[in-house]
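Below is a short briefing on a predicted model.

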Amino acid sequence: MNPADVAQAAPVAHDLSFFSLFWQAHFVVKLVMIGLLAASVWCWAIIIDKTLLYARTKRAMDRFEDVFWSGQSLEELFRSLQSRPATGLAAVFVAAMREWKRSFEGSARSFQSLSQRIDKVLDVTIQREVERLDSRLMILASIGSAGPYIGLFGTVVGIMNSFTSIAASKNTSLAVVAPGIAEALFATAIGLFAAIPAVLAYNKLQSEVAKLQSRLEGFADEFSAILSRQIDERLSRAA
Amino acid sequence: MALKDHFNPSEPGFWVSGVAHAALLTAALIGLPFAAEFPEAQEGIPVEVITDNQFSQITKGETDAKAVQPNPKPRADRVADKAEQRDPGEDKVNAPAPPKRPENMKVADKDEATAAPPPPPPPPAKTAEQKAAEAKAEEEKKMAEKAEAEAIEKAKAAEQAKAEAEAKAKAEAKAKAEAEAKRVAEEKAAKAKAEAEAKAKAEAEAKKIAEAKAKAEAEAKARKEAQVAKKFDEGDLRQFLDNKDKNRSTGATGSEVQKTASLGTATGTAAKLNPSQRDALMGIFQEQMKRCYQAPISASNGDATPPLLDIRLNQDGTLASEPTVMRVGGTTTDRAVADAAVRAVRRCAPYRVPTQYLQFYSDWKILNVQFDLS
């Protein structure tokens with residue numbers, strides 16, 4: 001090839017802004033980028049929702065414990081809470097009280113295994129509450145672990161594509177190679193952009209859930225102890 | 001995914017996240033510069049140091065040539081008289097421009113031209129012919145003309161030369177007269193002599209007048225020139241500055257004329273001998289040289305230092321230039337040996353080069369041969 005011709009064929013200038021990086025990319029890479037961006041939006045939505053939910057739950061628990069240990073009558077407390085759907089400690093309390101009340105409402109007084117039944121109800125309620133707190137955290141975990149791989153997939157496809165283009169252009173100067181690589185790497189960048197907050201938030205939120213769960217269980221144990229003492233007192237009185 | 005199509009204050013995550021992402025993307029698109037551009041890299045000027053030998057092997061063309069020649073050849077401006085390939089180069093020439101002639105100088109020259117016509121021809125010596133013999137008269141006339149011509153020359157020369165010429169002319173005239181007198185002694189000796197003398201006198205007088213006139217004219221001209229020279233003339237300065245000619249080609253020579261150099265080829269470097277080929281070729285040359293070498297008597301005991309010769313060859317095996325001695329020992333014997341070696345190289349001159357080595361000419365064009373004495 002004539003060196004003079006080579007010198008005349010100046011490399012085409014490439015625009016390396018975000019939008020052009022996206023727009024020049026291959027179809028598959030575009031799909032990957034869009035998907036990862038949506039995943040990022042979703043994961044941040046979950047993070048915001050969960051943070052708010054846990055804060056709310058914690059505040060509600062504090063308030064309920066204050067009321068519960070204030071010496072107020074349990075009957076009164078139950079009546080005030082019964083009317084609306086309860087969450088957190090209130091839900092546990094309402095479930096146990098409901099079971100307790102049912103045992104006394106009928107003509108046949110069934111004290112024999114009331115303590116066991118209450119324990120079961122408490123367990124189920126705690127499980128349900130934890131599930132409610134825990135829901136959608138797995139999505140964060142998935143995004144956190146799969147995001148980089150999806151981004152890497154986009155990068156590999158992009159690099160393959162750009163190498164094909166480079167081979168067609170028969171020129172290996174950096175000015176020709178670089179834009180394709182930059183485009184391809186942009187997919188990995190978006191993948192990491194989505195995955196890093198997801199992983200960090202997943203760990204944080206998971207520990208919060210664990211804290212709340214132990215608090216629920218602690219309360220359930222205490223409440224169960226109170227109720228079983230009541231049951232034993234009534235049994236001895238009846239006998 | 002629990003997408004809500006209306007805003008729920010207890011779970012605002014989706015909307016907040018979506019709006020935040022949109023804002024971030026917009027900011028990245030509009031506001032934030034993505035990457036600072038590096039300054040554009042400029043190519044450095046490549047500098048290479050090459051040896052004399054490498055230079056002689058260059059077949060690459062000129063960088064500013066317009067197109068690649070179909071069959072590239074080294075550049076040659078003309079066919080050499082001697083079969084010698086000279087590489088193209090540039091010669092620095094300071095050619096002095098011809099002296100300028102100012103306008104008033106021309107006027108002075110014209111004056112001179114009109115004022116100094118050739119002196120009128122001397123009066124012919126008819127009277128002498130009538131009385132003297134034909135041959136004698138002719139001789140006389142010739143001599144007279146010669147004297148006149150000399151006189152004219154001298155009139156233009158300096159004053160001293162002028163005086164000498166006068167004296168010489170007189171002497172000549174006298175001698176002439178004497179010769180005449182001798183020859184024509186039997187005949188009309190006295191009469192002829194008197195006439196000759198009278199003629200010589202007349203000529204001398206005419207000469208004197210012409211000289212005086214010429215001298216006056218020369219003085220006037222010199223004065224005029226001095227006046228002209230005194231004036232400042234910027235044209236002279238310009239002329240001095242224009243004195244430098246553009247560099248000219250030294251005139252590369254070759255076996256055929258090739259006006260434009262090639263731009264270059266893919267195989268732009270001359271073929272090179274490999275070491276074994278080089279050894280073989282040097283052996284061939286040494287053998288041929290040794291056949292013509294006659295050791296000086298003083299070196300017969302064989303302890304002389306072998307000289308190093310610089311031999312330049314043409315493609316047909318003839319010498320491109322005289323072989324020169326590059327290194328020689330200190331003793332007189334060594335010098336004698338070196339001279340003998342040079343003679344031998346010169347004597348064996350058209351060297352036989354096997355055909356397979358012809359393509360490597362650029363490699364054996366310049367040979368530094370350690371002349372083997374054994």
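B:Asn314 sits in the loop that links strand 5 and strand 6 of chain B; helices (H or I, at least four residues) and strands (E, at least two) are DSSP runs, numbered from the N terminus. B:Asn314 counts as buried because 20 other C-beta atoms lie within 10 Å; the classes are buried at 20 or more such atoms, exposed at 12 or fewer, and partly exposed in between, with C-beta atoms placed from the backbone. Its C-alpha atom is 9.6 Å from that of B:Tyr351, 37 residues away along the chain.

**Conventions**
- This is a predicted model, in which local features need pLDDT of at least 70 and side-chain atom pairs count only at pLDDT 80 or more, while totals for chains, interfaces and linings use all residues.
- Residues are numbered from 1 along each chain as its sequence is written, with chains lettered from A and ligands numbered from 1 in the order in which they are written.

**Sheet in chain B**
- Three strands of chain B form an open sheet in the order 6-5-7, with antiparallel pairing; two strands pair if DSSP finds at least two bridges between them.
- Strand 6 (324-327) and strand 7 (366-370) of chain B are at the edges with a single partner strand each, so one side of each has no neighbour in the sheet.
- Strand 5 (residues 308-312) of chain B is joined to strand 6 of chain B by 3 bridges, and B:Asp310 has B:Thr324 as its bridge partner in strand 6 of chain B.

**Confidence**
- Chain B has a mean pLDDT (the predictor's confidence in each residue, from 0 to 100) of 75, and 67% of its residues reach 70 or more.
- Within chain B, confidence is highest in strand 5, at 90, and lowest in helix 3 (residues 103-115), at a mean of 49.
- Where pLDDT is low, the predicted coordinates should not be read in detail.
- The model has an ipTM of 0.75 and a pTM of 0.46.

**Interface and core**
- Chain B has 15 residues in contact (C-beta atoms, placed from the backbone, within 7 Å) with 13 residues of chain A.
- The largest nonpolar core has 27 residues, and A:Cys43, A:Ala194 and A:Ala198 have the most contacts inside it; such a core is a set of buried Ala, Val, Leu, Ile, Met, Phe, Trp, Tyr and Cys residues joined through C-beta atoms within 7 Å.
- Helix 3 (27-68), helix 7 (137-169) and helix 8 (174-238) of chain A each give two or more residues to this core.

Note on methods: Two residues are in contact if their C-beta atoms, placed from the backbone, lie within 7 Å.
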